[in-house]
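Trainee: Could you take me through the aromatic rings in this structure, one step at a time? I would like to see how they pair up.

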Amino acid sequence: MLGILGLLAGISLLIWLALRDVNIIFASVLGAILVIVTNGLPFAESLTQSFLLSDLGAFTFAGRFFLLFAAGAVFGKVMGDSHAATSVAMALVRLLGAHRALWIIVLACALLTYGGVVVFVVIFASYPLGLRLMKEANIPKRLFCGALALGAGTFTLTALPGTPSIQNVIPTLALGTDLFAAPLLGLFGGAIMFVVGMIYLERERVKAAANGEGFEAGPRDVIPDFAEIEKDVPHPLLAAFPLVLVIATILAPRLAQSAGVEAAWVTFASSQPILWPSMALIFASVAAVVLFPLVRKNPLQTMGLGTQDAILPLMATAAVIGFGGVVAQTQGFALFTKAVVGSGLPPHLSVFAASSTVAGITGSSSGGLQIFMTTLAEPFLALGLHPEELHRLAAMASGGLDSLPHCGAVIAMLTITQLTHRQAYKDVFVVTVLVPILATLAATGLAMGMS
């Protein structure tokens, strides 16, 4: 009992500190120490192994994703300093209207993630574009976070059949399903996430305008007046080329495989789900340097500053992941997962409860889903659940409570956008926690009705 209470206290402390804008790295260490002490874990081993070096450890995460974060930050810096992001944003505004900025961001992020671009890359890649769109439409910057989170972190992450996200891949390894498992449930839940999420964001946009709330740049945001830089802004088609190059490079091995191409580069790219997107971002950054005179003058300094911008988001995210690594080692966590299976709830609802809560405790949908599939998939299959239904419902459920304030992706997004939990988390919470939970429960009800 003490261990379970300590587990809950550690998570509550981390969330409480995050909401009060305490440094998230410091907060993660404090929360981890509280969990270690109250659960009687070996202190030194838990900090050096579970928190830092385990599969869910901070250093493991930082080492695995360093190149991706660095490449993403470099790409964002080059696109911003070259005014390429401004050019694309202004073209979209002229084509669709400034008032549709939120739609543009949501759909652009959704296309990126459904195309295989990982969430962290989408945050870096979309930020310069989103800044200009938000300023042009005079929409509060907090709603950019909401739009980014809806497009990149909900329906394309867990629901839509065929998405190459890690959340859709993990169940295939445990259950023998494919990425298109239970397509009806996925389309049904994904549609609810998109529609309800957009209704909320548009309502908030209208309310903000009525209340006189507009765009305010962050302390490190540099957004020159368009009239002053118009002569230096590249043509929209040229400016969009690096963005297209990123997506095309990431998708190239998948397209080559589907066409039956057998080549060394295809095998290499397919085996490197992190390195290949990092290389795509670097290719696009180099192309931008060649194309755009403003960054061609001093490219190494621009890229160096971009790399520097990656350090804080990487370490903040890694610290929260490390906290999840400590939590996953506790006996209280193991007891909880067993209790959910034997709760007496209908199996479909038990899947929802177990996957959601494990992801919420670890602050990671992929980490929580990995733990769920490793420890709970077999018991649920034994209860008679179809593997495809288990795949889709567990994946969708992992994308709800994972986005509580200690979620690594949320921390990274807020750090990159220079916003605090107090400023932006309410909108993120609605579109990435409440809406996915609603959609997953609806899909669960549909599955129960079809059984």
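**Rings in pairs**

Mentor: Y127 sits in helix 7 (residues 119-137) and F144 in helix 8 (residues 141-153), so the pair ties together parts 17 residues apart in sequence. Here, helices are DSSP runs of H or I with at least four residues, numbered from the N terminus. Y127 and F144 are both buried (under 20% relative accessible area, with a 1.4 Å probe and protein chains only).

Now look at F372 and F380, an aromatic pair that is stacked, with 5.7 Å from centre to centre and 20° between the planes. F372 counts as buried because its relative accessibility is 0%, and F380 is buried because its value is 0% too. Elsewhere, ring pairs join W103, F155 and F194 into a cluster.

A word on reading all this: residues are numbered from 1 along each chain as its sequence is written, and side-chain values use heavy atoms, leaving out hydrogens and water. Since the model is predicted, local features need pLDDT of at least 70 and side-chain atom pairs count only at pLDDT 80 or more, while totals for chains, interfaces and linings use all residues.

Conventions
Helices (H or I, at least four residues) and strands (E, at least two) are DSSP runs, numbered from the N terminus. Buried means under 20% relative accessible area, exposed over 50%, partly exposed in between (1.4 Å probe, protein chains only). Rings of Phe, Tyr and Trp (its six-membered ring) pair if their centres lie within 6.5 Å; planes under 30 degrees apart count as stacked, over 60 as edge-to-face and the rest as tilted.
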